[in-house]
Amino acid sequence: MQVKIDTRPLPIVILARWWRFPVFALVNFALYYFYHQPPPEGLSVAGFRALTVFLACVFLWMTQLLPLPVTGLFALIAPSLLGVIPLKEAFSFFGADAVFFILGVFILAAALYKSGLSTRMALHLLKRGSKSPRRLVFQVMLTAALLSFIMSEHAVAAMMFPLVVIISKRLSGTPEGAGYSRVLFLAMAWGCVIGGIATMLGGARVPLAVNFLQDMAGQTITFTQWSMGMFPIVITLFSFCYLLLTRYYPIRILTVMEADTVLDQQLRDCGRPLLEERFLALLLACTILGWIFWGGTTAIMAAISILSVILLFMFRVVKWRQIQENVEWGVILMYGGAIALSQILTSTQAGNWFAETHIVPYLSSPWALVIILSLMTMALTEALSNAAVVAIVVPIGLSIANTVGLDPKVVVYAVASASSMNYVLPMSTPAVAIAYSSGYLKIREVIVPASIMWVVSWGTLMLTAKFWWPVLGVKIGP
Amino acid sequence: MAADPNLALLKLQLLFHGIRAGNDLPSPLTNPFGLIHLALPEKVFVSVHLNTNGTESPFMLRKEGDRFLLDIEGKQSVSVGWTPPLKSYQKRTSSGLLVSDILTVHGDFIAVHPSHQCRFGRSGLSCRYCGSSKELSDHPPFTPRDLVEAIHLVMEEKRCDVVSLSSGHVDTPDGGVERLEKWVTEIRKHNNVLISLDLVPPETNDWIDKTYAMGVDALYYDSDFFNPNDESPREFQKHKARQLEALAYAAKIFPTGAVLSHLVVGLESLKDTFESVDLLIDRGVVPVLAYFPPYGGSALRMRWTATPEQVTPIYAHLYERLVRTRINPHWVQQYDVVLTSLEGRFLSPESPRYHLRLKNFYETRTGRAVRFGLASLRRHLRVREVPA
């Protein structure tokens with residue numbers, strides 16, 4: 001970092017630096033104002049106040065005036081401060097199944113990263129593609145996608161980034177090589193994005209959405225059901241993405257032998273797999289099988305992941321300090337707050353009231369709801385954290401679903417998958433931001449293929465909802 | 001009955017002639033550097049050299065009852081205040097260093113040379129900031145921690161608003177910024193004072209940004225003289241051009257009036273000094289006109305030509321130009337070894353009412369807190385960290 005002195009006139013500097021304070025004051029004033037207002041017809045006082053807090057949180061998540069986890073904490077205590085529920089009850093919502101499931105998944109992913117197992121897996125997968133330029137693009141995408149099945153996509157991107165940088169540096173001696181490097185970074189980022197849709201582990205947003213489903217509709221989606229539901233989307237998008245990258249950006253280099261040499265060197269540096277790595281691989285396989293065969297609810301899935309974490313430390317595979325440095329603790333705080341807020345909205349009937357009075361009258365069919373929710377999610381997620389988008393959109397969608405005759409599971413499938421489909425802007429997802437940080441990508445060069453991916457992703461989602469989800473017993477409409 | 005003396009002229013004359021000591025004066029009369037601290041009427045502070053080598057001076061300090069009087073040859077005596085030498089000079093820090101070996105107090109500011117390299121000292125001239133150059137070079141080395149303690153000891157006895165650190169002569173691209181950073185950090189951490197640095201202009205402007213960001217409130221790039229019409233070697237011209245460029249850039253970064261440059265009156269022709277003053281003010285820089293005639297009796301004194309009466313128009317011009325350009329002259333409030341730009345008001349017909357009010361306010365406890373708070377707030381607002 002370096003210092004820069006803002007030499008603009010002081011009033012402008014003050015406005016630029018302190019605009020947050022008047023906005024915070026306005027939020028507080030709005031909360032105070034609505035606290036003293038009578039509720040609209042059909043809504044209880046508690047429901048009205050819960051809705052006020054929800055709208056304040058939506059505003060804070062969208063503007064990111066506060067860090068996302070801090071808004072999560074605000075969501076946890078604000079309803080109690082406004083007298084909606086007792087504080088003790090609000091804090092108890094933090095102990096939701098999804099929070100512990102996510103905690104376990106994050107710790108396992110951190111162990112995978114710190115042990116070097118994920119890097120070894122990536123190197124082996126990449127090595128298979130180091131024979132031709134197109135094959136290497138495919139293999140980078142496949143490696144990113146496959147690893148995103150079992151780790152959060154941003155962890156995969158962070159882990160693969162140095163490998164792709166080393167390969168790119170070797171190949172970037174010519175303009176053709178530099179152009180090819182750009183394709184490799186996009187393959188890495190979009191591979192992560194697409195792979196992250198496939199399972200509940202790619203991004204913690206799916207467990208969050210499933211938790212909302214359990215709390216608000218009393219239903220659940222298992223690990224296997226989710227992956228089955230997403231299977232056609234992942235296959236289609238992966239294939240299309242590979243074709244798009246290799247056709248849109250002309251690949252003019254003839255050989256990637258240099259990359260092969262680099263990968264050989266990296267693999268040699270890794271040495272033989274340690275006992276800890278082998279144990280971790282076995283543990284991970286058992287955990288995934290546990291989720292597939294016994295993961296009927298998020299509570300059981302959470303128990304399985306926590307059990308795996310305990311075994312991880314019993315056998316001293318990693319040290320706690322290593323985990324501490326590599327877990328996104330903030331996401332857990334944010335989820336705790338979001339889950340608490342959704343439960344309060346449900347228990348006070350505020351969500352239902354809002355949906356029935358402000359949204360349902362304008363919807364003509366269940367399909368209209370699916371289209372609106374998916375488009376809204378995909379648009380928001382380009383600018384907002386996808387977890388924040390899920391926290392905002394899923395409770396609204398679930399509140400409306402029953403009224404318009406839509407299976408609530410469709411809301412979770414549609415919103416949670418759409419929230420992963422972000423390809424354009426660096427702030428959309430860490431995987432894309434990491435790819436931009438390479439310096440090889442410029443938004444103007446990415447915008448066209450990314451927009452094509454965006455449209456195709458939405459189309460694929462709609463076709464899957466129309467033809468595949470009914471096969472799994474999830475129908476849109478009667 | 002003779003008219004009251006002009007206080008600005010009187011201060012310059014005292015700096016020029018020194019002073020003789022009458023009878024019944026307290027002991028010790030001078031500070032460790034041989035200077036007597038006097039307060040002339042209207043809070044005009046001056047540190048005068050005590051002539052002990054038989055050199056004549058038209059001024060004599062004497063005591064009459066509880067009062068101190070300044071006798072002026074052929075004129076009416078002036079009642080003055082005498083400030084005893086700081087007792088804290090004789091105190092020691094926890095590491096055993098004498099405070100007077102670490103710093104020198106001038107009016108409301110504390111001068112420190114952490115590197116023991118005073119430019120005047122190196123030139124062989126005796127330095128009125130830090131006392132004799134020989135003594136300064138003999139001072140034991142001290143650490144930022146010692147300095148912080150010394151500042152505490154001084155401030156227990158006397159209110160000081162500014163600590164001025166000098167980098168001494170440096171030949172590095174940063175102009176001495178990095179060398180002083182740890183000192184600034186330590187003072188910021190422990191002392192509630194404004195900090196000014198006396199540096200060499202750096203090679204690039206990003207060092208000026210860094211200087212402000214690290215907690216420096218005012219900045220000196222000393223010119224000493226510009227001699228604008230001089231046709232010196234190209235290298236020197238290049239150096240002067242960079243100096244002016246750095247000063248102009250710093251004036252955009254620091255608060256108004258907080259970028260200063262010493263001009264030594266008497267080293268070049270008075271016409272050139274006038275031009276130099278304009279050159280600096282046009283760039284938003286406040287010239288601090290140092291009038292340092294060599295002490296009477298020295299060989300250099302024989303060659304000194306600029307008398308106090310001759311140089312007063314420059315001070316008047318400086319004050320008037322600052323008022324007209326609305327550059328804040330308050331960064332140098334009480335400077336007892338030079339006639340400050342604000343004290344130039346005694347030589348000018350321009351009304352000093354606004355600046356006097358502000359000066360008086362800044363000398364109150366509240367004013368001091370406001371001044372310090374505004375400086376910190378400005379830095380908080382203007383400094384940003386951006387990716388390299």
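**Close-up views of a predicted two-chain model**

**View 1. Strands S2 and S6 of chain B in the predicted model.** Strand S2 (residues 35-40) of chain B and strand S6 (residues 78-83) of chain B run antiparallel and are joined by 3 bridges. The model shown here and in the other views is predicted. Within this pairing, B:Leu38 stands opposite B:Trp82 of S6(B).

View 2. B:Phe68 has B:Val80 in S6(B) as its bridge partner. For B:Leu69, the bridge partner in S6(B) is B:Ser79. The hairpin has 5 residues between the strands. In this hairpin B:Gly74 takes a positive phi near 80 degrees.

**View 3. The open sheet of chain B.** Strands of a sheet pair through backbone hydrogen bonds, in either a parallel or an antiparallel sense. In chain B, 6 strands form an open sheet with mixed pairing, in the order S1-S4-S5-S6-S2-S3. Which strands stand at the edges? They are strand S1 (20-21) and strand S3 (44-49) of chain B. Each has a single partner strand, so one side of each is left without a neighbour in the sheet. Helix H1 (residues 7-17) of chain B lies across S2, S3 and strand S4 (59-64) of chain B. The angle at which H1(B) runs to S3(B) is about 15 degrees.

**View 4. Packing of helices H8 and H12 in chain A.** Two packed helices are described by the angle between their axes and by the distance between the axes. Helix H8 (residues 133-150) of chain A and helix H12 (residues 223-248) of chain A cross at roughly 145 degrees, and their axes come within 11 Å. The crossing of H8(A) and H12(A) is right-handed. H8(A) meets the other helix through A:Arg134, A:Val137, A:Phe138, A:Met141 and A:Ala145. On H12(A), the residues met are A:Phe238, A:Cys241, A:Tyr242, A:Leu245 and A:Thr246. Divided by class, this contact of H8(A) with H12(A) has 8 nonpolar, 1 polar and 1 charged residues.

**View 5. Chain A as a whole.** The secondary structure of chain A consists of 23 helices and 1 strand. Of the 478 residues in chain A, 48% are buried. Among contacts in chain A between residues at least 6 apart in sequence, 82% join residues at least 24 apart.

**View 6. Contact between chain A and chain B.** Here 10 residues of chain A are in contact with 14 residues of chain B. On the side of chain A that touches chain B, strand S1 (2-5) and helix H1 (10-18) of chain A are the elements that give two or more residues. The largest share of that side, 4 residues, comes from S1(A). The residues of this side of chain A divide into 5 nonpolar, 2 polar and 3 charged. S1(A) pairs with strand S14 (residues 383-386) of chain B in the antiparallel sense, over 4 bridges. In this pairing A:Gln2 has B:Val386 of S14(B) as its bridge partner.

Key: Residues are numbered from 1 along each chain as its sequence is written. Chains are lettered from A and ligands numbered from 1 in the order in which they are written. This is a predicted model: local features need pLDDT of at least 70, side-chain atom pairs count only at pLDDT 80 or more; totals for chains, interfaces and linings use all residues. Two strands pair if DSSP finds at least two bridges between them. Two residues are in contact if their C-beta atoms, placed from the backbone, lie within 7 Å. Axes are lines fitted to C-alpha atoms, for helices over the stretch in contact, and angles run from 0 to 180 degrees between N-to-C directions. A crossing is left-handed if the near helix is turned anticlockwise from the far one by less than a right angle, and right-handed if clockwise. Ala, Val, Leu, Ile, Met, Phe, Trp, Tyr, Cys and Pro count as nonpolar, Asp, Glu, Lys and Arg as charged, and the others, Gly among them, as polar. A residue is buried if 20 or more other C-beta atoms lie within 10 Å of its own, exposed if 12 or fewer, and partly exposed in between; C-beta atoms are placed from the backbone.
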